[in-house]
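Dear colleague,

Please read them with the model open beside you.

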Amino acid sequence: MARNSLGPEMIKLLPNFYGFSAENPYLHIQQFEELCATLSNLDIDGVKIQFFEHSLQYEAAGGFKGFDKVVWDVVEHKQCENPSITFKYRSRDGEEGYPGDVSVTATYTLSSSTTLRLDMEAIPENKRTPKSLAQHTYWNLAGHNSGNILDHSIQIHALHLTPVDQNTIPTGEIMPVKGTAFDFTSEKKIGSSIHDVGLGYDHNYVLDCGDEKMGLRHAAKVRDPSSSRVLDLWTNAPGMQFYTSNYVNGVVGKGGAAYGKHSGLCLETQGFPNAINLPNFLSVVVKPVETYKHIMLFEFSVKV
């Protein structure tokens, strides 16, 4: 790719249809996942809900077979000035323990030559159910085979985050980031403080201070100094999981490239994880016939 150009290879894509491998689920692109970190069972409307349990006794990433591991139907494909494609999946009552039948759609639209919009919607048909969809692309603005993202800089429009316990489950606290290694209110190189937070960043930021436009708030700005490429992310979600590929280790992907630790970053806008158990967090429970809507707008540019 030429320097100072957007280029065709800004998303890390693995050489299989689903975006994951049987050997390493959750390490790759999860285009759709239910991200609702909960205890292994809970009550909704007096009914005990039993989720898939794993060794840590909580539910994350949609369960054993989340939305990233099912086949979605293409229900609409528009080839026009602003091309788009819409995928649909119907989750059945009790699937991975979640209550109710739910129809879910995800529409990708090229709003312009440098803008990608993702609209995610979910409509419960017959029961109240927790719903928080997240998009799990790994970004490396220097190119998919260019090493790690520690020289990338990022600005996150969040004055607070939700701290976690030893199992990386939010405790319910809303913590100011000022003066800590989690402070990205001003643009800062990711590698400058990543070693002060253990394995790396994997935290939910409270999006409480970004500019707004078209009903969306500015969540983050990412910049790669080697190519001058910039990604601006806008969303209507209240939180964003900032993840720095802490567990990626030798994953073989596009063109045989091997991806290592910190080889990409994820910006997963979302409802707050563990909100189902914490009344001070915004609720993620959606009622029947209500429509859950989650919008992400990715704007790409080159700024020397």
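A nonpolar core here is a set of buried Ala, Val, Leu, Ile, Met, Phe, Trp, Tyr and Cys residues joined through side-chain atoms within 4.5 Å, where buried means under 20% relative accessible area, exposed over 50% and partly exposed in between (1.4 Å probe, protein chains only). This is a predicted model, in which local features need pLDDT of at least 70 and side-chain atom pairs count only at pLDDT 80 or more, while totals for chains, interfaces and linings use all residues. Residues are numbered from 1 along each chain as its sequence is written, and side-chain values use heavy atoms, with hydrogens and water left out.

The largest nonpolar core has 45 residues, of which I156, Y201, Y205, M240, F242 and L267 touch the most other members. Among the elements that give two or more residues to this core are strand 12 (153-156), strand 18 (216-223) and strand 20 (239-243); strands are DSSP runs (E, at least two residues), numbered from the N terminus.

The structure also holds eight salt bridges, each a side-chain nitrogen of Lys or Arg within 4 Å of a carboxyl oxygen of Asp or Glu. One of them joins E187 and R223 (2.8 Å, N to O); because E187 lies in the loop between strand 14 (175-176) and strand 15 (188-189) and R223 in strand 18, the pair ties together parts that are 36 residues apart in sequence. D232 forms a salt bridge with K221, with the closest N and O atoms 2.9 Å apart, and both D232 and K221 are buried.

With best wishes

How values were computed:
Helix = DSSP H or I, 4+ residues; strand = E, 2+ residues; numbered from the N terminus.
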